[in-house]
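Me: I should like to learn how to read the features of a structural model. May we take them one at a time, with the general idea before the case?

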Amino acid sequence: MPSKHPVSFMRHFLFRLPLFACLGLWFVITVAWCLLYPQVNNAILAELAERVMDLADPVIDELLYDKKSNKVVRLSSREFVEKLVENLNQSFNEKYLISNIYVQVIDNNKQVLYFNLHQFTSKPVIQPVWKGFEMIDVADTNFFVYIFKLSDGGIFKIGTNANDAIEFVEHIETLIYYIVICTFIVALILGIFLQYRQSRKVNDILRYCDLAKESPHIQLHFAMATGEFKQVFQRINELLLSANSKINDLQDFSAKIAHDMRSPLTRLRGQLEFLLNQKKIEHKDIELLLSEIERLEKNFSSLMTISQLESKSFEQRDIKFDYRQLMVDLKEMYQPVCEDHKIKCHWQLCDKPVWQAGNPNLWFQALSNLIDNALKFTPTRGRITISLDDHYQPTVSIADSGSGIPEHERENVFKRFYRMEKHYRVQGSGLGLSMVKAICKYHNAQILLEGDHGLTVKIKLDSQV
């Protein structure tokens, strides 16, 4: 019972796989956007830092670098402000005085010595990822500011308006937010749609299977099916055709066995009633009854053997044996029989052993049936050729000069109790070739019927031994 839980879990998981796949795709897209956002933010901050340094470098070089001595001058906060104001009026462009630029000097006591936006108060907003920079808000205007420490502990700040960059980042955040929501909705709808399509196909299969219980002749229509579902539909149709064929064979077999068994049973009944009326019972009458009973037993035994072979439940174990030696034994047994029937029998056996894995008794019975048939349907002074060839694939061939079997009848003769009209007068049960084919199938061998004049039976043995 516990083993059913993993199987049930896997079945439900695979059934909902399209939904999981779509939600998984949404998750991947969401993670990708979340990983992309810091990269975009860092790129914008780097661009702002470059813009600020373009402003700061000329000021710092002019105020703290002495060109005559080629040395860096260490200035206090107040000296720096005096020199800054002087240079703002003389050397620097007016762009340093406009409201889009942030310029501020603070001494070591945190007193503002200079602020180009002195009419407003300023406060830090966020500390960026780079050391030495910060974001400052001045009357709803955000400045990205570079912080330079002076010799006495004071601070020189210079920066640029960053509102446009912040708005761009906010747009990116909003875009990511909507993309995540939209992709989730699309993934959910697409997953549900794909799961619905898949479940509908599965429900169609289940519905047709329920119909097939009552009518095995039904066939699935898979014109619109694609991929694995088309293969499933085809396999189910093949299964239904196979089941229908087996049902027809079973019905045909039941009718034939009833017909073939009725005749000997009727004869047995008639003979027994005749003996009841006799005062003296002769041995020949008993022998006749025993022969009929033996024939019935043989037919039932053959049917049981065929069923066991077809279901792979034959009790005897397989062994490795020399097929050539089996043919030699058959030659010793049937050569005198052929001479008694005045039929020329020519044997062509290969020189080396032919090893096979299987049941030699079954093969002996199969080849005996084929040779018996050849003797039965070959006229006097006819010819039978029996060969074993091992050049490419081990092949047994039994050819006779009899009347043969028409091509349209060659599949039918392997059916149980099937007998051609011209053979009804010949004694037999119609199980011989059925037994031979079952033995060949059991040993992974292939049997073929050929020949225009006479009949040639070829058995291609299993070469992978």
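Me: Which residues form one aromatic cluster?

Reply: Rings of Phe, Tyr and Trp (its six-membered ring) pair if their centres lie within 6.5 Å; planes under 30 degrees apart count as stacked, over 60 as edge-to-face and the rest as tilted. Here Phe133, Phe144 and Tyr146 form one aromatic cluster. This is a predicted model, in which local features need pLDDT of at least 70 and side-chain atom pairs count only at pLDDT 80 or more, while totals for chains, interfaces and linings use all residues. Residues are numbered from 1 along each chain as its sequence is written, and side-chain values use heavy atoms, with hydrogens and water left out.

Me: How many aromatic pairs does the structure hold?

Reply: The structure holds six aromatic pairs. One of them is tilted because the rings of tyrosine 102 and phenylalanine 143 have their planes at 45°, with centres 5.6 Å apart. Strands are DSSP runs (E, at least two residues), numbered from the N terminus. This pair links distant parts of the chain, 41 residues apart: tyrosine 102 lies in strand S3 (residues 101–106) and phenylalanine 143 in strand S7 (residues 141–149). Phenylalanine 133 and tyrosine 146 also form a tilted pair, at 5.3 Å centre to centre and 50° between the planes. Phenylalanine 133 belongs to strand S6 (residues 133–138) and tyrosine 146 to strand S7, 13 residues apart.

Me: How many disulfides does the structure hold?

Reply: A disulfide is a pair of cysteine sulfur atoms within 2.5 Å. The structure holds zero disulfides. The sulfur of cysteine 338 is closest to that of cysteine 345, but at 3.8 Å this is too far for a bond. Cysteine 338 is buried, with a relative accessible area of 0%.

Me: What is the mean pLDDT of the protein chain?

Reply: pLDDT is the predictor's confidence in each residue, from 0 to 100. Its mean over the protein chain is 76, and 76% of the residues reach 70 or more. Where pLDDT is low, the predicted coordinates should not be read in detail.

Terms used: Buried < 20%, exposed > 50% of the residue type's maximum accessible area, 1.4 Å probe, protein only. Helix = DSSP H or I, 4+ residues; strand = E, 2+ residues; numbered from the N terminus.
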